[in-house]
Every structure is written in C-alpha cells, then in structure tokens.
Amino acid sequence: MPQETHPAIVWFRYDLRLHDQDALAYAIEQGHEILPVFIWAPDEESPWEPGGASRWWLHHALADLDTQLRDYGSRLIIRTGQSTQAELQKLIKETGAKSIFWNRRYEPAGIKRDSRIKSALKEQNLNVQSFNATLLYDPTKIKNKSGTPFKVFTPFWKHLRTVDLPKERPVDLDSLKSVKKFPKSLPLESLNLLPRISWDHGWLEMWQPQRENLLTRLRDFGKNQAASYEDQRDFPAIDGTSQLSPAFHFGQIGPREAFQHIRKQGKHDPALETGVLRQLYWREFANHLLFHFPHTSEAPLRPEYQSFPWQEDPSFLRAWQRGETGYPIVDAGMRQLWQTGWMHNRVRMIVASVLVKHLLQHWMEGAKWFWDTLVDANLANNTFGWQWTAGCGADAAPYFRVFNPIMQGEKFDPQGKYIKKFLPELEKLPKKYIHQPWELGALELRGLGVTLDKDYPSPIIPHPEGRQRALDAFAELKKRNTA
DNA sequence: TGAAATGTTGGGGCG
DNA sequence: ACGCCCCAACATTTC
C-alpha cells in the first residue's frame, strides 16, 4: 500500500456513509491520513437551500456519521460559512492537506460550485479527485443510440439492464489512518439544523435516521416485503414500501449496496428486477435528467409549457398545504406530510394532481412545499415528480390524465384506513362515504360526529368542475402555442 | 404510475 | 320459442 505522509481531506456531502464510498475508499487505499469534513454552506444551494425537514434529518445523519467515524479513531470535522471554497482553503492551511477527495453531486448548483472549486484547488497543485458513489451510473456515460440523453423511462431502463451493474465499492475501514491532530470542529448544534418551533415530534416517532437502523430496515424489507412490493406499494395504509428515500437522498445507503442487499435478501427472485429494483432506476432516471437538463428545477422540460395558464390563488395553495381541500385522500396525505415528513408515493401523485390540475396552481409551488416538508426532499426526484404530474416533464403523463381523487381513494384506500389515521375527525364514517363525506346528509353526518365545513370542509372545488378547469387550461395552452 | 364517454355484447325478464 | 328491452359487464375511444 502506498504511504502518503500528507493528510487527505475526504469532503462529505450527500454520501454520508463509510461503506460503498469511493472517495473514502480511495483515500484509505492511497495510504493517506484521513480528514473527514462536512461543510454547511446553504447559501450556495440557492434557490434550493435544504428545507426544514431535510435539515432535521441531516443533523441526525451527521451525528451518526461522526459516531461511526469514532469507532475507527476518527471524527467528522464540521465547518460552516458563506463559501465552501474558503472553508476548504482554511482547512488546507490548518492541516497541511495536499489531497482532497469527494464523491460528485449531480444537481446544477452542486456541479457548478464543485467544478469551480476543483479547478481552483488544482491550480494550487493539490491532488483533487472526484468519484461517483451517488448514482449507479455516471450520467455523462449513458446515452441512447443517437447520442442524446434518454427522455423516456422504459428505453432508459432497458438500456441499463444490458449494461453491467456496478459493484459495491468496499472500504477497508480497519486500515483507516487518522490525522495526528484534528483541526477544530464546530459543534453540530451550532449549525442550527434542528427546527426552532417544535415541528419534529412526529418525525422522531417515525424515523430512526441512523445507518444501522436504516440497514436493518433494508434487510427486513429485502427479506419480507420486497417480493410483495409490486402488489402492495400502491396502498398507503399498508407498510409496503421501503421508506428508505431519505437514506438514499443523504447517501447513508448507497444505491449499489442497496441493489445487492435486496437481490441477496430476496434470494435473487427475478420478480424483484421489475418490481422494487426498478424503483432504483427511477431514481437514476430522475438524476440523469436533472444532470442533462439542469434548468428543469426552475422551468418545464417541455418549453411549450412556459405559457401554461396557471391561476395563482394563495387561498387554494394554503388549503392544499394544510390538508383542507375536502378530499379525504388528499388531506390525509398532506397531513401525513406535515406530521411525519414523508408521504406515500401513490398519495404524492394524487395530491400533486389536485394542486396542479383541479386548483391550477403552478407545479413549482407544490415542489417548494414538498421541498420544505419532506425529510427525503431531493431536487432530482422532486423536480421529476412534479413535472411528470404537470405533464411538462420527461415521460410525463399526457395532459388529459386528471386523477379523480375520489376514485383514487376508493381504489387505493378502500377501507379508508389511511384516511382515518390522519383525519381522525372522519373516524366514524362508513367506507361507502369515507371518500366523499359531502354525499352524506347533514343529519346523518352529524350523527357520525361531523358537521360539514366545521369539522371537515366540503370539496374546495367539485371534481367534475376541477377536471373541466384542467382540461380547459390545457386547451388554452394548446391554443397559445399554435397561435 | 387515468377517467369518462361511448360502443358492444350477452344474459335474463317479459310479453 | 321468439323478439324486444334493459342493463351490467366489458371494450374502445376520447378527453
């Protein structure tokens, strides 16, 4: 093993793990003394500074990473500032580091900032190396036959299945050498990542953001639920999804190791490939798209949607955010989001559809709300999901697909179990009316403890009318683009 | 990773 | 037994 006398900074970002971690593995293999660093510079993420729920998770992920490092005689050095580059320079000066390694980020702000830093450090003759540990494949290398990025999922997926699956990158942690003297680190608390108002009660109850717990979840899921994922994933009352999205966002679990864990635990059942493992390709697809089309976090991928006739209405937006639309499946979802920092994926699609179609609010408003309230808020996935719903993205639903929130509820929460969990005011409603309480007479409703528009709102807009508004708006869009 | 409108078919009730 | 109607069930098309 080569012996390096100078310390190497391993700059952690959205790869908060010590396994399947290329930058760290490389630094150890090269024999460097390791200096693990995290720099908090939210201003550089503008306009997508991490939101409240996301910061909460980050706090715990950082604390956990530090704990893990201490098992190997190391620790996480935390810094903060306006400029990551300036903070790195300070650390280089303080420690005499001559090398710096990191795993690449692929979102627009990250790429721009990182490449600037890279060339600046290289000019100082530092040994700078970046790696891919976040995605299965390097997005620059995945193109279709005509040399352009894939814009449709199925061909993308089919193509990748013909390519070798990248292997997990082992990290020889027992060989980890620490710097002799650690530079000063800020206390984690000083980053103020925890919410000031007590918003985290439900988060604490639902989540255990430490790697070991997340791995347990991954193993259990692989063993017990992965096989039935395809049958269960659309039912929000069932615990049928992995709920590991925040672990993937923060890189506490890497996609390659996840892939292999699930295959192994699921005894290589071929159905896994088209079921749960396919979801890892959706994540891959969203990230590749944002990399190739970096403007899409702010603007539609399909330019003709620039002139979509959105109808800004703060009261609509507020009702949606608070879970007061009068559509139980929507309101349950929005309250699950607020309370737990997470929402079941089927319900995400339904609430998004109602905001964008029935209420004609700009998809960016929805994206911003999700950004602030989801513990798994991820720019690529969030952008992709919202543009998909709004019909303006890659492989998007055709515009005339308007979800019927009543039917969706009946189909995917037939007993109303999910609804009642988050809307206890509807506890006594029979399943026949749980998705449309307003269809019950006022007298009967009162007998079930509900007064409409007092205990629970009537629909913010009747479904047929909402559907028509959406169809009209899209017709108007068409007109504007042909005129 | 829709839903609604419209079209078609076929079984059963009934004169 | 037959024609007619109704309508549920399913299929197709349209938004």
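Around DNA strand B lie Trp-282, Met-349, Ala-397, Phe-400, Arg-401, Phe-403, Asn-404, Met-407 and Gln-408, where a residue is near a strand if its C-beta atom, placed from the backbone, lies within 6 Å of it. This surface divides into six nonpolar, two polar and one charged residues; Ala, Val, Leu, Ile, Met, Phe, Trp, Tyr, Cys and Pro count as nonpolar, Asp, Glu, Lys and Arg as charged, and the others, Gly among them, as polar. The model is predicted, with local features needing pLDDT of at least 70 and side-chain atom pairs counting only at pLDDT 80 or more, while totals for chains, interfaces and linings use all residues. Residues are numbered from 1 along each chain as its sequence is written, and chains are lettered from A and ligands numbered from 1 in the order in which they are written.

Chain A is assigned domain 1 (1-134), domain 2 (135-168 + 210-292) and domain 3 (303-482), with bounds from an automatic or database domain assignment. Between the C-alpha centres of domain 1 and domain 3 there are 39 Å. Eight residues of domain 1 and nine residues of domain 3 form their contact, two residues being in contact if their C-beta atoms, placed from the backbone, lie within 7 Å. On the domain 1 side, four residues are nonpolar, three polar and one charged.

A helix pair comes next. Helix 12 (residues 276-292) and helix 17 (residues 379-390) have axes that come within 8 Å and cross at roughly 90°. Helix 12 is therefore roughly perpendicular to helix 17 (an angle of 65 to 115 degrees). Helix 12 contributes Arg-283, Ala-286, Asn-287, Leu-289 and Leu-290, and helix 17 contributes Leu-379, Ala-380, Asn-381, Thr-383 and Phe-384. Six of these contact residues are nonpolar, three polar and one charged. Axes here are lines fitted to C-alpha atoms, for helices over the stretch in contact, with angles from 0 to 180 degrees between N-to-C directions. Helices (H or I, at least four residues) and strands (E, at least two) are DSSP runs, numbered from the N terminus.

Two loop residues complete the picture. Gln-361 sits between helix 15 (345-358) and helix 16 (363-373), and is buried because 21 other C-beta atoms lie within 10 Å (20 or more count as buried, 12 or fewer as exposed, and in between as partly exposed, with C-beta atoms placed from the backbone). Beyond four places in sequence, Gln-361 contacts Trp-310, Asp-313, Phe-316, Leu-317, Leu-355, Val-356 and Gly-366. Leu-126, in the loop between helix 4 (108-123) and strand 5 (127-131), is partly exposed, with 18 other C-beta atoms within 10 Å.

Conventions:
Angles under 35 degrees count as roughly parallel, over 145 as roughly antiparallel, 65 to 115 as roughly perpendicular and the rest as oblique.
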